[in-house]
Amino acid sequence: MYAPFEGRRQEKTRDRLCGRIHTNSRIHSNGRIHLNGWQHTDRTEQEQKRKTVMILAGKNKFERNAPCWCGSGRKYKACHMQFDEKLRKYQIAGNIVPDHSLLKTRADVDGIKKSAEINMACLDAVEKEIAAGMPTEDIDRIVYETTVRMGGIPAPLHYEGFPKSVCTSINEEVCHGIPDTKHVLKEGDIINVDCSTILNGYFSDSSRMYCIGKVSEEKQRLVDVTKECVEIGLKAVIPWTHLGDMGSKVHAHAVKNGYSVVREIGGHGIGLEFHEDPFVSYVSEPGTEMLMVPGMVFTIEPMVNMGTDRIFQDADNGWTIYTQDGKPSAQWEIQVLVTEQGHEVLCW
Ligand SMILES: [Zn+2]
């Protein structure tokens, strides 16, 4: 359904990974496709709901005096019992709520933070060295060496066959650009470097934009507005409100500035796995999507396009996503914990 973009082979939807990557997603039954950064999860919203129902059905699922499921060592009645009852009330009222597997314990959050130290050190190291004339292969080297030196593992390396340690997406490349010696940065480029780390089984994930030398005013504005979108999204991370409240604000800010937001690829839960539920959309409606509950960790990472929101996937490498009209795209990514009071940014 897409006309090929000049000079590049375009690929129709392929059933790669979990079989639900559809670049022609607009005709999908629920109007959108879940594609979590790299891939969507294989659980549909319906399945998610069902699983949650099973977990939360019945107040007496957990013994009042038994140790709490969260691992605190406290009795359930003194720890998460009230929390579970609240969650159940929201669920009965028709909200999509997370199951316990998506709620991080204090130990999980500590583990993710240590992982995030490496992830942010990688992006800091890139920031120091990135310049015109540098092949993206060098960015991959910086990320790999920094990660390994600090005891971590680059999460993208060999993930579903991805060949490198980081994603480098230049100008009209929306995401999943593969570092190599052929992509050489030049003055005026904008590039997203998307870095993800595993440390002791805990995953961190963030990405930043870098402007190479002097970039055009219009590219600079795209980069700045996209960052504002993330900041606006973060402010809307309020416990017991919906992901759609956050996503709709991100979308509104992009649209107000004349841009579009990619629909098919979004953020995701993360922490114990690279990509967990929920899928996080930035074109969603207020009051929809999963409830943001304390203990959830997910990414805010809108891909904002200067022109059309339409995208296509590279047929040759099977990964890189491009804007269909060849206009630039920008993305910033942070990893956020929902807290009782609001939120905490774990990785940026
Ligand atoms: Zn507990």
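# Close-up views of a predicted model

**View 1. Helix α3 and its surroundings.** Helix α3 spans residues 106–129, 24 residues in all, and runs 35 Å from first C-alpha to last, close to the 34 Å expected at 1.5 Å a residue. The expected span of a helix is 1.5 Å times one less than its number of residues. Helices (H or I, at least four residues) and strands (E, at least two) are DSSP runs, numbered from the N terminus. This is a predicted model, in which local features need pLDDT of at least 70, side-chain atom pairs count only at pLDDT 80 or more, and totals for chains, interfaces and linings use all residues. Residues are numbered from 1 along each chain as its sequence is written. Which residues of α3 are buried? They are G111, I112, S115, A116, I118, N119, C122, L123 and V126. A residue is buried if 20 or more other C-beta atoms lie within 10 Å of its own, exposed if 12 or fewer, and partly exposed in between; C-beta atoms are placed from the backbone. The cover over the buried residues of α3 includes α4 (136–149), β4 (190–199), β5 (202–211), β9 (297–300), β14 (334–338) and β15 (343–347). For such cover, two residues are in contact if their C-beta atoms, placed from the backbone, lie within 7 Å.

**View 2. Helix α4 and its buried side.** Helix α4 has 14 residues and reaches 20 Å from its first C-alpha to its last, close to the 20 Å expected at 1.5 Å a residue. Its buried residues are T136, I139, D140, I142, V143, T146 and T147. They sit on the same side of α4 because they cover an arc of only 160° around the axis. The arc is that of the directions from the helix axis to the C-beta atoms. Covering these buried residues are, among others, α3, β1 (153–154), β2 (167–170) and β4. Just after α4 comes G151, with a positive phi of about 90°.

**View 3. Strand β2, covered on both faces.** C167 and S169 are buried on one side of β2, and T168 and I170 are buried on the other. Strands β2 and β4 run antiparallel and are joined by four bridges. Two strands pair if DSSP finds at least two bridges between them. I170 has I191 of β4 as its bridge partner.

**View 4. Backbone exceptions.** Most residues other than glycine have a negative phi, and most peptide bonds are trans. H176 is not a glycine, yet its phi is positive, at about 60°. H176 lies in the loop between β3 (173–175) and β4. Is H176 buried or exposed? H176 counts as buried because it has 23 C-beta neighbours inside 10 Å. E289 is not a glycine either, and has a positive phi of about 70°. This residue is in the loop between β8 and β9. E289 counts as buried because 22 C-beta neighbours lie inside 10 Å. The peptide bond from D277 to P278 is cis, with omega near 0°. P278 belongs to strand β8 (residues 276–280).

**View 5. A three-strand sheet with β10 between β6 and β13.** This open sheet has the order β6-β10-β13, with antiparallel pairing. Its edge strands are β6 (260–261) and β13 (329–331), each pairing on one side only. Two bridges link β6 to strand β10 (residues 303–305) in the antiparallel sense. S260 has N305 of β10 as its bridge partner.

**View 6. A three-strand sheet with β12 between β3 and β11.** The order in this open sheet is β3-β12-β11, and the pairing is antiparallel. β3 and β11 (311–313) stand at the edges with a single partner strand each, so one side of each has no neighbour in the sheet. Strand β11 and strand β12 (residues 321–323) run antiparallel and share three bridges. Across from Q313 stands I321 of β12.

**View 7. The largest nonpolar core.** This core has 73 residues, and those with the most contacts inside it are V126, V193, V261, V297, V304 and V336. A nonpolar core is a set of buried Ala, Val, Leu, Ile, Met, Phe, Trp, Tyr and Cys residues joined through C-beta atoms within 7 Å. Leaving out residues up to four places away in sequence, V261 touches V250, H251, A254, Y282, V283, P302, M303, V304 and D309.

**View 8. E218 on helix α5.** E218 is in helix α5 (residues 217–235). E218 is exposed, with 12 other C-beta atoms within 10 Å. E218 and M306 are 88 residues apart along the chain, and their C-alpha atoms are separated by 8.7 Å.
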